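Subject: Structure handover

Hello,

Here is the structure I said I would pass on. My notes follow below it.

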Amino acid sequence: MKMLCNTGDVPAGESRRIELPGRPPLAVFNLDGSFYVTDDTCTHGDASLCDGEIDTDDGVVECPYHQGAFEIATGRPAGAPCTVALRVYPVEIRGEAVYAAVEEVETACP
Amino acid sequence: MPLITVNDGEAAFVCEPGDTLLRAGLRSGVGLPYECGVGACGCCRGEVGTGEVIDHWPAAPGLSDRDRRKGRILACQCSPVGDVQLRLRLDPAAVPAIPPRRRTATLVAVNDVTHDIREFVFRSEEAAAFLPGQFAFLSLPGVERERAYSMANLANDRGEWRFYIRRVPGGDATGRLFDTLKPGAEVGLDAPYGQAYLRAESPRDIVCIAGGSGLAPMLSVTRGYAARTARDGRRLDFFYGARTPADVCGQAELAMLPGYGEDLGFQVAVSDAEAAQAAGWTGRTSLVHELVEATLGDRLGQCEFYLAGPPGMIEALLQLLQTKHRIPPERIHFDRFF
Ligand SMILES: Cc1cc2nc3c(=O)[nH]c(=O)nc-3n(C[C@H](O)[C@H](O)[C@H](O)COP(=O)(O)OP(=O)(O)OC[C@H]3O[C@@H](n4cnc5c(N)ncnc54)[C@H](O)[C@@H]3O)c2cc1C
Ligand code: FES
Ligand code: FES
């Protein structure tokens, strides 16, 4: 488990991008007090989901680029053109801190 | 003619009668985002500010219920009624290198490739201008709506356009092409489109993966690579995914190219194990993405990928390349044959 940020850093209905060295950026989402961690980069192209719109009712984030969508809790694609699921990571709240089970280091593509 | 203004003046273009917002924009060199052009991928979504459009396919799968709730439209399925203010995110990469144009073409030959794929050769008056891997919209006599087909050959001054088309049971356009259209018949041809074209300047090894009728654009990309003037130390690996041994194709065309068997490799996977056994198939039996992973191993991360075929195959490949091996999307170029 790795600490990503404090719960207070991500207001309800919003998201925050977390850059850790040696791995693709992560997105922390707060849906009405429940926290979720996914990859931040859309699986359809080079766009940051933290720049996208969050639809709290549907629990969905829309990509700012082609408005493809993902279910935040599961990473499942929820709107064309996205067809490949986002990676999601198990989350634990310890006190005020958001922890996620991200692999410590990922090998990036050369 | 209707004037289309994008994002309050970021771009503007006129739309000929009958044209869609997407195609009119691309003709004028405006980078409207798109992938399929047939209402399925959802990339060309936008919102109409002021003005009115006719939606040719309100139920298009490219829009979700949420999109419809938000009043979004697909630029590839809408034509303007008068001037229109359009909001969408322009994509500099979509600005066409060769702006698409409509023309007439004549069917000159039909050749069998497999039991259900045929090569259709058309001829147009002026040169056939396109990048390797791009596609055209064909409008066929007696068929409502145009269909997208990828060119298998390379650009040429003879005006020759070669397509590999698979018969779809009960399909309108393929039924017409296979059963009625005879050499001498005239069709409308609007081209070129598509962004899964050969990046000739990339120094990376190339991997082409085709399933079913995805053969055509992958042949074009491979022909483009083989036409380079000097051997430059790069290699190209071509993978073909067939359902049964009777569906296997591509080898005859590739074997004619320089370097075949050396820096140009060809491998096939047949996915239907029962059919493979019944036919005495001695080659690989698996899904094509499994063959790609087993063959390339560690080289996977260094290559540039071109993919074409049915949506399910593309999804399995993206899962492998993007999610599992973390290959950045800008190194994966694909067309889904919706
Ligand atoms: C980019 C691209 C490239 C392609 N390249 C090739 C190729 O090289 N070779 C090949 O064999 N095939 C190719 N295809 C598939 C081809 O375009 C046709 O879908 C296929 O030949 C079946 O056509 P059909 O008329 O026989 O079938 P049909 O089932 O009669 O028509 C299928 C097509 O019509 C669309 N459609 C259905 N209903 C509607 C509606 N109400 N309004 C608007 N559209 C509707 C479907 O989405 C589908 O595109 C390509 C598709 C795409 C998107
Ligand atoms: S980049 Fe996210 S939908 Fe295209
Ligand atoms: S380009 Fe319009 S839906 Fe694919």
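Which strand of chain B gives the most to the lining of the second largest pocket? Strand 19 (residues 332-336) does, with four residues; strands are DSSP runs of E of at least two residues, numbered from the N terminus.

This is a predicted model, in which local features need pLDDT of at least 70 and side-chain atom pairs count only at pLDDT 80 or more, while totals for chains, interfaces and linings use all residues. Residues are numbered from 1 along each chain as its sequence is written, chains are lettered from A and ligands numbered from 1 in the order written, and side-chain values use heavy atoms, without hydrogens and water.

The pocket

The second largest pocket has a volume of about 540 Å³. Its lining counts 21 residues, and the closest to the centre are H44(A), D91(B), Q195(B), P329(B) and I332(B). Domain 1 (3-94) and domain 3 (205-333) of chain B both contribute to the lining, so the pocket lies between them. (A pocket is an open set of points on a 1 Å grid over the protein atoms alone where a 1.4 Å probe fits, with protein on both sides within 12 Å along at least five of seven lines; lining residues have an atom within 4 Å of a point. The volume is the space filled by probe spheres set on the points.)

The chain interface

Chain B and chain A bury about 2400 Å² between them, 41% of it on carbon and sulfur atoms; buried area is the accessible area (1.4 Å probe) lost on putting two parts together, summed over both. R66(B), R89(B) and R326(B) supply 29% of the area that chain B buries against chain A, more than any other three residues. The contact (heavy atoms within 4.5 Å) takes 32 residues from chain B and 30 from chain A. There are eight salt bridges between the chains, a salt bridge being a side-chain nitrogen of Lys or Arg within 4 Å of a carboxyl oxygen of Asp or Glu. The side chains of D55(A) and K70(B) form a salt bridge, at 3.8 Å from N to O.

Within chain B

The domain bounds come from an automatic or database assignment; domain 2 covers 101-193. Domains 2 and 3 of chain B bury about 1100 Å² between them, 64% of it on carbon and sulfur atoms. A152(B), L154(B) and Y164(B) supply 40% of what domain 2 buries there, more than any other three residues. Zero salt bridges are found across this interface.

Regards
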